[in-house]
Amino acid sequence: MDVVIKGRNLEVPDHFRQLITDKMNKIGRYDPKMFEVDVELSHERNRRQSGRCQRVEITCRSRGPAVRAEACAGDFYSALDASLTKLESRLRKSADRRRVHRGRRTPESVAAATAALGADSPVPGAVAVLERTDELAEVEHEQGPGRIVREKEHPADPMTVDDALFQMELVGHDFYLFMDKESGRPSVVYRRKGFDYGILRLTS
């Protein structure tokens, strides 16, 4: 498994690179097919964010969907530990899902369970967002107030609402853009207050 470490506008010391590599090599036990882990470190220059100025983002790539986690803290060591805690939780969920779906007892999907509910009705369960970074195209722009500083593209593979919620959970975002397999329309699942979710669909 390759571990790619980079700093955004900062130099990563060799001893910290070794620490990251040692920790990343241990997470391969969750997915034997994992082939690459990207770790990006960045620093928030805003003095008002001094307590959360160091950010660590981790993206795991496998034959399946990518799994992502990020965390901020006052130092990189704390941010790394916090992001690893989130990452391991999501990797365990992904591993549990693979084991369940390979067995005989496949649970009912979220879409099927909530088909009778309205779009604004509560959906039980906690889901946390995925970017299909195995084929992801990313462009960064010069940062500044009111500017678009990053663009990302990912494959529009058709999927169900249940799959979109699961993909969203793996990267920990509050929304996920996908192509609805049933309607064929671009859609977005998103987190509402509490444990409720919503769906936005485009119409022509």
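Predicted model: local features only at pLDDT ≥ 70, side-chain atom pairs only at ≥ 80, totals over all residues.

User: Is C53 buried or exposed? And C72?
Analyst: C53 is buried, at a relative accessible area of 9%. C72 counts as buried too, because its relative accessibility is 17% and the cut-off for buried is under 20%.

User: What about C60, where is that one?
Analyst: C60 is in strand 3. It counts as buried, with 2% relative accessibility.

User: What does C60 touch?
Analyst: Leaving out residues up to four places away in sequence, C60 touches I27, M34, E36, V37, A66, V67 and L87.

User: And how far is C60 from V39?
Analyst: They are 21 residues apart in sequence. In space, C-alpha to C-alpha, C60 and V39 are 8.8 Å apart.

User: Which residue does V39 stand opposite?
Analyst: V39 stands opposite I58 in strand 3. Strand 2, residues 36-43, pairs with strand 3, residues 54-61, in the antiparallel sense. Eight bridges join these two strands.

User: What holds strands together in general?
Analyst: Strands of a sheet pair through backbone hydrogen bonds, in a parallel or an antiparallel way.

User: Back to this model. In what order do the strands of that open sheet come?
Analyst: The order is 1-2-3-4, with mixed pairing. Strand 1 (2-8) and strand 4 (67-73) are the edge strands, each pairing on one side only. Neighbouring strands in this sheet are turned by 15° against each other on average, ignoring direction.

User: Which strands does helix 1 lie across?
Analyst: Helix 1, residues 14-26, lies across strand 1, strand 2 and strand 3. The helix runs at about 140° to strand 1.

User: Which residues of helix 1 are buried?
Analyst: F16, I20 and M24. Seen down the helix axis, the buried residues fall within an arc of 70°, so they line one face of helix 1.

User: Why would residues spaced like that point the same way?
Analyst: An α-helix has 3.6 residues a turn, so residues three or four places apart point the same way.

User: What is exposed on the other side of helix 1?
Analyst: D14, H15 and K26 are exposed there.

User: How does the span of helix 1 compare with what it should be?
Analyst: It agrees. At 1.5 Å a residue, the 13 residues should span 18 Å, and the end C-alpha atoms are 19 Å apart.

User: Which residue has a positive phi although it is not a glycine?
Analyst: N9 does, with a phi of about 60°. N9 sits in the loop between strand 1 and helix 1. It is exposed, with a relative accessible area of 66%.

User: What do strand 8 and strand 9 form?
Analyst: A hairpin, with five residues between the strands. In the turn, G184 has a positive phi of about 75°. Strand 8 (residues 175-180) and strand 9 (residues 186-191) run antiparallel, joined by five bridges. In one of those pairings, F178 has S187 as its bridge partner.

User: How many bridges join strand 9 to strand 10?
Analyst: Five, and the two strands run antiparallel. V189 stands opposite I199 in strand 10.

User: Last one: how many helices and strands does the protein have?
Analyst: Four helices and 10 strands. Along the sequence the pattern reads β-α-β-β-β-α-α-β-β-β-α-β-β-β. Of the 204 residues, 36% count as buried.

Conventions:
Residues numbered from 1 in each chain as written. Heavy atoms only, no water. Pairing = 2+ DSSP bridges. Axes fitted to C-alpha atoms, helices over the stretch in contact; angles between N-to-C directions. Contact = heavy atoms within 4.5 Å. Buried < 20%, exposed > 50% of the residue type's maximum accessible area, 1.4 Å probe, protein only. Expected span 1.5 Å × (residues − 1). Arc of directions from axis to C-beta.
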